[in-house]
Amino acid sequence: MSDVPAVKAALKSQAIETPSWAYGNSGTRFKVFAQPGVPRTPQEKLDDAAQVHAFTGVAPTVALHIPWDKVDDYAALAKHAQERGLRLGAINSNVFQDDDYKLGSVTHPDPAVRRKAVGHLLECVDIMDATGSRDLKLWFSDGTNYPGQDDIAARQDRLAEALSTVYDRLGDDQRMLLEYKFFEPAFYTTDVPDWGTAYAHCLKLGPKAQVCVDTGHHAPGTNIEFIVALLLREKKLGAFDFNSRFYADDDLMVGAADPFQLFRIMYEVHRGGGLTSDIAFMLDQCHNIEPKIPAIIRSVMNVQEATAKALLVDRDALAAAQRSGDVLGANAVLMDAYNTDVRPLLAEVREELGVDPDPMAAYRASGWAERIVAERVGGQQAGWGA
């Protein structure tokens with residue numbers, strides 16, 4: 001049986017970063033559905049994020065997206081976060097929503113477009129300096145739609161050159177997190193389609209370049225926990241973007257599609273020492289039809305539940321079964337942990353953290369949802385448009 005005090009201590013020290021864009025309006029490529037009370041400014045996004053942290057106790061940082069969260073004074077924005085018990089987390093770049101990037105950004109055949117894209121990435125590092133953020137998150141929509149459209153190898157050369165330029169600009173305590181996605185929006189080739197491509201570039205760049213695993217960015221049936229285990233072994237796993245997918249990537253709530261997969265991932269994280277390392281555990285979700293703040297609270301809780309179950313795995317019994325070749329016995333050890341109802345344990349953890357044992361009920365009773373609907377009238381709601 002696992003050491004319950006040690007499990008509780010690990011859960012109390014867990015930190016899950018929430019994304020600023022999840023508090024704004026979002027949707028599919030067809031339509032963005034507006035909701036009343038949605039933030040209009042980065043400051044109001046932080047106000048909502050503070051509610052998530054207040055009711056969960058484990059969401060102290062907020063990732064920003066530039067230019068969606070662009071402000072004149074980033075030091076003031078960091079202070080706004082601090083006054084609400086938060087810190088600013090990863091800075092996410094955006095080189096996919098400009099007409100110039102139709103044929104790519106850092107891999108575009110036109111050097112002028114590549115310079116523009118790299119300039120934005122360097123601007124993001126400047127913002128990191130101002131906010132005290134550690135991580136620069138890079139995701140590229142770059143790719144091609146048709147065979148022969150561009151030189152596949154040459155695009156990798158352009159990507160490597162851009163990454164090297166940005167890497168050299170990083171401070172001693174800053175990191176580059178390279179995300180991958182196997183398809184969309186490009187239909188024929190994607191320039192960073194998988195963990196291997198991201199890993200190869202990060203390996204060449206150096207220790208400040210790490211891979212970000214987005215749990216929704218894989219082909220159906222991909223064994224994500226294998227990728228996690230391998231990257232941990234190579235000390236190249238820098239971050240997670242937690243979300244869920246069914247048929248294709250759509251940034252659904254983490255754990256919604258396959259909670260057993262999330263448990264398996266978190267077990268490999270625990271087994272590989274990832275819970276006590278510098279891995280950033282971030283949500284990367286869009287709440288298109290469900291209320292924003294409750295959905296983010298629920299998502300944080302989903303990660304907590306998967307982590308708690310992973311911590312309850314009897315690793316000694318598992319290792320013994322594995323050594324003896326007891327296939328069913330080894331599987332049963334994992335299944336026993338997964339089938340454990342960890343909600344009472346997490347309720348105790350929250351009480352010991354000084355927050356309500358039922359975050360969802362506590363948020364509903366707080367009146368915050370009604371307050372922001374009444375107060376946030378007029379102005380332009382935040383969102384990424386459609």
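Predicted model: local features only at pLDDT ≥ 70, side-chain atom pairs only at ≥ 80, totals over all residues.
Let's start inside the sheet. Val 213 has its bridge partner in strand 11, and that partner is Phe 240.

Strand 10 and strand 11, residues 237-242, run parallel and are joined by 4 bridges. Now the other neighbour. Strand 8, residues 175-179, also pairs with strand 10, in the parallel sense, over 4 bridges. One of the contacts to look for there: Leu 178 has Val 211 of strand 10 as its bridge partner.

So much for the partners.

Now zoom out. The chain holds 14 helices and 14 strands. Its radius of gyration is 21 Å, and the globule rule gives 21 Å for 386 residues, so the chain is as compact as a globular protein of that length. Along the principal axes, the C-alpha atoms fill a box of roughly 60 × 55 × 40 Å.

Burial next. Of the 386 residues, 54% count as buried. The chain exposes about 17,200 Å², with carbon and sulfur atoms supplying 53% of that.

Contacts. Take those between residues at least 6 apart in sequence: 78% join residues at least 24 apart.

Last, charge. There are 39 positive and 54 negative side chains. The centres of the two sets lie 0 Å apart.

Conventions: Residues numbered from 1 in each chain as written. Heavy atoms only, no water. Helix = DSSP H or I, 4+ residues; strand = E, 2+ residues; numbered from the N terminus. Rg over C-alpha atoms; globule rule 2.2 N^0.38 Å. Buried < 20%, exposed > 50% of the residue type's maximum accessible area, 1.4 Å probe, protein only. Contact = heavy atoms within 4.5 Å. Areas by Shrake-Rupley, 256 points an atom, 1.4 Å probe, with all protein chains shown as cover. Lys, Arg positive; Asp, Glu negative; His and termini not counted. Charge placed at Lys NZ, Arg CZ, Asp CG, Glu CD. Pairing = 2+ DSSP bridges.
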